[in-house]
Amino acid sequence: MEGVVSMESTFSGCSNLYEVDLEGVNSQNLININNLFEKCKKLIKVNLSLKNISELLESNNCFIDCENLKFINLSSFHKINNNMFLGLKSIPTIEANELIYNDLYYIFHFNLNKAVNITITTNESNNECAKGNDEKCKDCSNIFKKIVQH
């Protein structure tokens, strides 16, 4: 996948897709995953811990109409779009790194007005929100049901 620039709508409409594991796949030039899993109504688990994903620019409506999604691994992502999770029927557990932790907070709390389970995957413990030291995240305990630092 090293030369792939866009995966837009790659799995769109795959009605019998249950799980996708792209862990470690080299995505060096990937910039677009818009509508990647659109209308994958039976999709339960997605592992998007891609290798070299630093150039990703577009991830809008990535999970739109995913009715049964329970888990998403975004631990390799450095940034995400505000519209990445629009159209989800329920909020899955998300595995993420500290770089997008605050982005997830704002997306789910302010944009979608939903609570979300987030597992932080890092050996570092410098995330001020996770430690409760960031003023803007004083009510994190009300928003995030679970935060685990390894």
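Is Pro92 buried or exposed? I begin with this residue, and I note at the outset that we are looking at a predicted model. Pro92 is buried, its relative accessible area being 1%. Its place is the loop that runs between β3, residues 71-73, and β4, residues 93-96. Leaving aside residues up to four places away in sequence, Pro92 touches Leu69, Lys70, Phe71, Ile72, Val116 and Asn117. Its C-alpha atom is separated by 9.0 Å from that of Ile118, a residue 26 places apart from it along the chain.

The protein has 150 residues, and 45% of them count as buried. There are three helices and five strands, and from the N terminus on the elements follow one another as β-β-β-β-α-β-α-α. The accessible surface amounts to about 7400 Å², and carbon and sulfur atoms account for 44% of that surface. As for contacts between residues at least 6 apart in sequence, 66% of them join residues at least 24 apart.

The individual pairings can be taken in turn. Between β1 and β2 there are three bridges in the parallel sense, and Asp21 has Asn47 in β2 as its bridge partner. β3 and β4 likewise pair in the parallel sense, over three bridges, with Ile72 standing opposite Ile94 in β4. Three bridges also join β4 and β5, again in the parallel sense, and there Ile94 stands opposite Ile118 in β5.

Which way do the residues of β4 point? Thr93 and Glu95 point one way from the strand, whereas Ile94 and Ala96 point the other way. All four of these residues are buried.

Next, the loops. Asn35 lies in the loop between β1, residues 19-21, and β2, residues 45-47. Although Asn35 is not a glycine, it has a positive phi of about 55 degrees. This residue is buried, at a relative accessible area of 17%. Asp65, in the loop between β2 and β3, also has a positive phi, of about 65 degrees, and it is not a glycine either.

In the loop between β3 and β4, which also holds Pro92, we find Asn81. Asn81 is buried, with a relative accessible area of 18%. Its contacts, not counting residues up to four places away in sequence, are Leu57, Glu58, Ser59, Asn60 and Ile107.

How many salt bridges are there? The count comes to one. In it, the side chains of Glu67 and Lys41 meet at 3.3 Å, N to O. Glu67 is in the loop between β2 and β3 and Lys41 in the loop between β1 and β2, so the pair ties together parts that are 26 residues apart in sequence. Both residues are partly exposed: Glu67 has a relative accessibility of 35%, and Lys41 a relative accessible area of 34%.

Finally, the surface. Which residues form a nonpolar patch there? The patch consists of Val5, Ile31 and Leu57, which together have about 230 Å² of accessible area. Ile31 sits in the loop between β1 and β2, and it counts as partly exposed at 31% relative accessibility. Leu57, another member of the patch, is also one of the residues touched by the buried Asn81.

To close, I return to the residue with which I began. Pro92, buried at 1% relative accessible area, has contacts that include Ile72.

Notes:
Residues numbered from 1 in each chain as written. Predicted model: local features only at pLDDT ≥ 70, side-chain atom pairs only at ≥ 80, totals over all residues. Heavy atoms only, no water. Helix = DSSP H or I, 4+ residues; strand = E, 2+ residues; numbered from the N terminus. Buried < 20%, exposed > 50% of the residue type's maximum accessible area, 1.4 Å probe, protein only. Contact = heavy atoms within 4.5 Å. Pairing = 2+ DSSP bridges. Patch = residues over 30% accessible without salt bridge, like charges linked within 9 Å, V, L, I, M, F, W, Y side chains within 5 Å. Areas by Shrake-Rupley, 256 points an atom, 1.4 Å probe, with all protein chains shown as cover. Salt bridge = Lys/Arg side-chain N within 4 Å of Asp/Glu carboxyl O.
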